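These notebook entries record what I looked up in the structure, from the whole chain down to single strands.

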Amino acid sequence: MDEKFIVGVDIGGTWVRVAICTADLNEKNIKKRITATLKENEYSISKTVCEILSELLSENDIKQDQILGIGIATAGPLNIIKGEVFNNANLGFRVIPLKKPIKEIFPEIPMYFINDGIAGVLGVHFFEAEDNEKDNLVYISMSTGIGGGVICNGHLLLGKEGNAAEIGHALVEPKSIAKCNCGAYGCWEAYSSGTGVRNRALDALNEGELNAELLMQIVDNAKSHITAKEVFQAAQNGDQLSKKIIDDCVFYTKVGIGLVNSYYDCTSIYFGGAMMKDNQQIIPPLIEQFEKDPIRFTVNHPPKIKLTEYKDEIGLRGALALVKYKIENHKIIS
Ligand SMILES: [Zn+2]
C-alpha cells in the first residue's frame with residue numbers, strides 16, 4: 001500500500017506556508033514551502049496554495065489519493081463550514097473564498113478549516129505541551145495581527161463559525177482613538193500587533209510630543225520605512241517615543257492575558273508569531289507581572305507564560321495536527 005500523507009496550510013497577513021508530512025507527523029518528515037501572501041484579488045491566495053501544493057506533490061512523487069486531508073489554518077475570522085475568510089483586517093478583501101477554488105483542483109481530498117490562532121493551540125498541544133498543560137492551554141500569536149486559540153477542560157473551543165478566540169479584537173481601551181484595521185477603536189491588536197506598533201508609532205510622530213531622533217535615524221528619516229522591528233530596535237536603544245510605544249504594546253498584552261485567564265482559567269499560555277523575534281522586550285515583563293502581581297490583571301490564579309519553540313511555524317504545525325486529530329476523532333475536537 002502507498003504511504004499516506006497529511007497536508008497543512010497556514011495563511012497569514014504576510015506569508016502563506018504549505019507543508020506535507022507523513023501521516024504520523026514525525027517532524028523529520030515535514031517538507032515545507034513559504035511564499036508572500038498575494039493580495040491581487042480574492043482568489044490570489046487559493047491560487048498560491050494550489051500551485052505550491054502541486055509542486056510539493058510532484059517533487060516528492062506523491063499522488064492526490066495518498067493525501068488523507070488538507071488542514072487549512074487562516075487568519076480569521078472565517079467560516080469553517082463554507083471555507084471562506086470574512087471581515088479580515090489584513091488580507092485585503094471582504095470575503096476570500098478558499099474551499100471552493102481549492103476543491104476544484106483537489107476534488108477528492110478532504111479539507112478542514114481552522115482559524116490560525118486556534119491552529120496554533122493545536123500545534124502546541126501536539127508538538128510541545130507538557131501533559132499537565134494539555135487540557136487547559138492557550139496559544140497567543142502576535143504577528144501582523146493578534147490571534148489566539150483555547151483548549152478548556154480538554155475541549156478545543158471553536159464557536160459558531162470557528163472564531164472562538166478572536167482575542168486580538170478584545171477591546172482593551174474602549175475610549176481609544178487608536179483605530180484597528182478591523183474598523184473598531186481600542187482593540188488589543190491596535191496597540192500590540194506588528195501593525196499596531198507601527199501605526200501607534202506613526203500617530204505619536206504626528207503628534208510630535210516625544211523625542212524620536214533615534215527611530216528616525218534608523219529609518220533614514222523616512223517614516224514610511226517604519227515597521228515594528230525598527231520601533232523595537234529604537235526602544236532598546238533608549239528612543240523616547242519608541243519606548244512609550246513598546247511599553248503600551250506590553251501593557252495591553254498584560255490586559256489581554258488577564259482577560260483570557262479570567263475567562264478560561266488556563267494552565268499555560270504559549271506565545272508565538274513574528275513579533276517573538278523581539279520576545280526579550282515582551283515576554284520577561286509579562287512573566288514578571290503575572291508571577292509577582294497578577295491580581296491587577298486577573299482574578300484567577302495566573303497561567304505560566306511560555307514561548308513556543310516553533311516560532312511562526314506553529315500555525316502550520318497546527319494545521320497538520322488538525323487533520324491527524326480529525327482522522328483519529330481525537331477527544332479534544334469530538
Ligand atoms: Zn480590531
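**Entry 1, whole chain.** I began with contacts: residues 24 or more positions apart account for 67% of the contacts in the protein chain with a separation of 6 or more, where two residues are in contact if their C-beta atoms, placed from the backbone, lie within 7 Å. I note that this is a predicted model, in which local features need pLDDT of at least 70, side-chain atom pairs count only at pLDDT 80 or more, and totals for chains, interfaces and linings use all residues. Residues are numbered from 1 along each chain as its sequence is written.

I found ten helices and 13 strands in the protein chain; these are DSSP runs numbered from the N terminus (helices H or I, at least four residues; strands E, at least two). The radius of gyration of the protein chain is 20 Å, close to the 20 Å of the globule rule for 334 residues, so the chain is as compact as a globular protein of that length. That radius is taken over C-alpha atoms, and the rule is 2.2 Å times the number of residues to the power 0.38. Along the principal axes, the C-alpha atoms fill a box of roughly 65 × 45 × 35 Å.

Of the 334 residues, 46% count as buried (20 or more other C-beta atoms within 10 Å of the residue's own, with C-beta atoms placed from the backbone). Of its 89 residues, Val9, Val121, Val138, Val231, Ile269 and Ala319 touch the most other members. This core draws at least three residues from each of domain 1 and domain 2. Not counting residues up to four places away in sequence, Val9 touches Val18, Val49, Ile70, Gly71, Ile72, Ala73 and Ala319.

The assignment gives domain 1 (5-122 + 313-328) and domain 2 (135-307), with bounds from an automatic or database domain assignment. Their C-alpha centres lie 26 Å apart. The contact takes 23 residues from domain 1 and 24 residues from domain 2. On the side of domain 1 that touches domain 2, the elements giving two or more residues are β5, β8 (111-115), α3 (116-127) and α10 (314-328). α3 gives the most to that side, with seven residues.

I traced an open sheet in the order β11-β10-β9-β12-β13, with mixed pairing; strands pair if DSSP finds at least two bridges between them. β11 (155-156) and β13 stand at the edges with a single partner strand each, so one side of each is left without a neighbour in the sheet. Four of the five residues of β12 (residues 268-272) are buried, so β12 is largely enclosed by the rest of the structure.

Which residue of β12 is the bridge partner of Tyr139? It is Tyr270, and β9 (residues 137-142) pairs with β12 in the parallel sense over five bridges. Four bridges join β12 to β13 (residues 304-307), also in parallel, and Tyr270 stands opposite Lys306 in β13. The chain crosses from β12 through helix α9 (residues 283-292) to β13 in a right-handed β-α-β crossover, meaning that, with the strands pointing away from the viewer, the path from the first strand over the helix to the second runs clockwise.

Two bridges join β5 to β6 (residues 84-86), and Asn79 stands opposite Glu84 in β6.

Key. A residue is buried if 20 or more other C-beta atoms lie within 10 Å of its own, exposed if 12 or fewer, and partly exposed in between; C-beta atoms are placed from the backbone. A nonpolar core is a set of buried Ala, Val, Leu, Ile, Met, Phe, Trp, Tyr and Cys residues joined through C-beta atoms within 7 Å.
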